[in-house]
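Open the model in your viewer and keep the selection tool handy. We will go from ring to ring and then on to a pair of helices.

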Amino acid sequence: MKNRREFLFIYDVSWANPNGDPMDENKPRIDEETGINYVTDVRLKRTVRDQLAEMGHEVFIKEERTDDGNLKTKESIFAKYGNDYNQVLEKCIDIRLFGGTFAIKNQQRCFTGPVQFKFGKSLHRVKMEFVKGTTVMPSAEQKAQGTMTEMYVVPYSLIVFYGIANENAAKETKLKDEDIDIMLKALWIGHKSSTDVISRSKFGHEPRLLIEIIYKEGTLTHMGELDKLVRINTDKRDEEIRDIEEVEIGLSRLKEKVQKYKEKIEKVNYIINDRIRIEPSLKEVFSGIAIEEFKWAKEV
């Protein structure tokens with residue numbers, strides 16, 4: 001991979017938990033000061049990895065169990081590759097993308113991931129709901145009635161992620177252009193239909209917009225913090241929003257920034273959900289720059 005890239009990804013969640021905090025009853029992660037819902041980069045990468053595996057690509061970091069049901073360690077999985085870093089890099093797309101740390105006895109080797117994402121954040125304040133219910137089948141302790149079920153969800157959260165692919169770090173992990181294309185396809189599909197997302201707590205995700213900005217080879221700078229250049233326009237109070245059609249995505253600030261960097265940008269790829277409203281349009285935002293849908297857009 002020779003060209004630096006930036007990514008802007010927007011998806012929404014309806015009556016689900018986008019990223020539970022295991023240290024706080026698995027509640028959705030909400031900044032108490034601002035009411036903003038946030039999602040860790042680890043959660044995003046987990047969805048991508050799971051989808052990559054479902055698409056038939058080999059990934060290193062995944063849940064594997066021994067014959068007796070115990071989770072395999074990173075060391076035991078590494079041994080399958082002959083404890084050879086080069087074998088891992090050659091075969092495992094997730095390590096080429098996100099990097100990893102490996103240890104043999106007292107030696108360690110750390111690969112910095114060329115692809116990095118900031119924490120995702122909602123574009124509006126959210127409220128959390130505590131939902132309780134009962135199951136039909138009782139437990140051994142509660143033979144007279146079904147057991148209680150409970151979960152924390154957000155009625156709606158429109159989340160934006162910002163990412164970057166660094167061409168310098170890509171040299172060490174041997175990341176290729178086609179790896180990036182595969183990752184972005186997995187990112188989009190994974191937030192719609194991966195096995196991990198179609199679960200009781202996660203069902204309700206929908207990808208809305210994905211933009212890839214590819215810079216000209218040799219470019220030393222990039223725009224940065226694209227997530228902070230996105231706004232929403234709506235007549236509703238933040239906590240009352242329940243659907244993507246109730247908001248308009250404002251990209252005026254992104255357009256202003258793009259115009260300052262347009263001579264450094266080679267091309268832009270995108271995919272957009274047909275229910276999302278954007279102002280100004282992508283063609284206006286990237287006026288004077290080559291822009292086209294991802295080649296895989298019509299497949300999904």
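**Rings first, then helices**

Select Tyr85 and Phe111: both are buried (under 20% relative accessible area, 1.4 Å probe, protein chains only). This is a predicted model, in which local features need pLDDT of at least 70, side-chain atom pairs count only at pLDDT 80 or more, and totals for chains, interfaces and linings use all residues. Residues are numbered from 1 along each chain as its sequence is written, and side-chain values use heavy atoms, with hydrogens and water left out.

Next, show every aromatic ring: the structure holds 15 aromatic pairs (Phe, Tyr or six-membered Trp rings with centres within 6.5 Å). Pick Tyr11 and Phe161, with ring centres 6.4 Å apart and planes at 15 degrees, so this pair is stacked (planes under 30 degrees apart). Tyr11 and Phe161 are both buried. Now widen the selection to Phe7, Phe9, Tyr11, Phe117, Phe161 and Trp188, which form one aromatic cluster.

Finally, colour helix 1 (residues 41–54) and helix 6 (residues 177–193), whose axes come within 8 Å and cross at roughly 100 degrees. Helices here are DSSP runs (H or I, at least four residues), numbered from the N terminus; axes are lines fitted to C-alpha atoms over the stretch in contact, with angles from 0 to 180 degrees between N-to-C directions.

Methods: Rings of Phe, Tyr and Trp (its six-membered ring) pair if their centres lie within 6.5 Å; planes under 30 degrees apart count as stacked, over 60 as edge-to-face and the rest as tilted. Buried means under 20% relative accessible area, exposed over 50%, partly exposed in between (1.4 Å probe, protein chains only). Helices (H or I, at least four residues) and strands (E, at least two) are DSSP runs, numbered from the N terminus.
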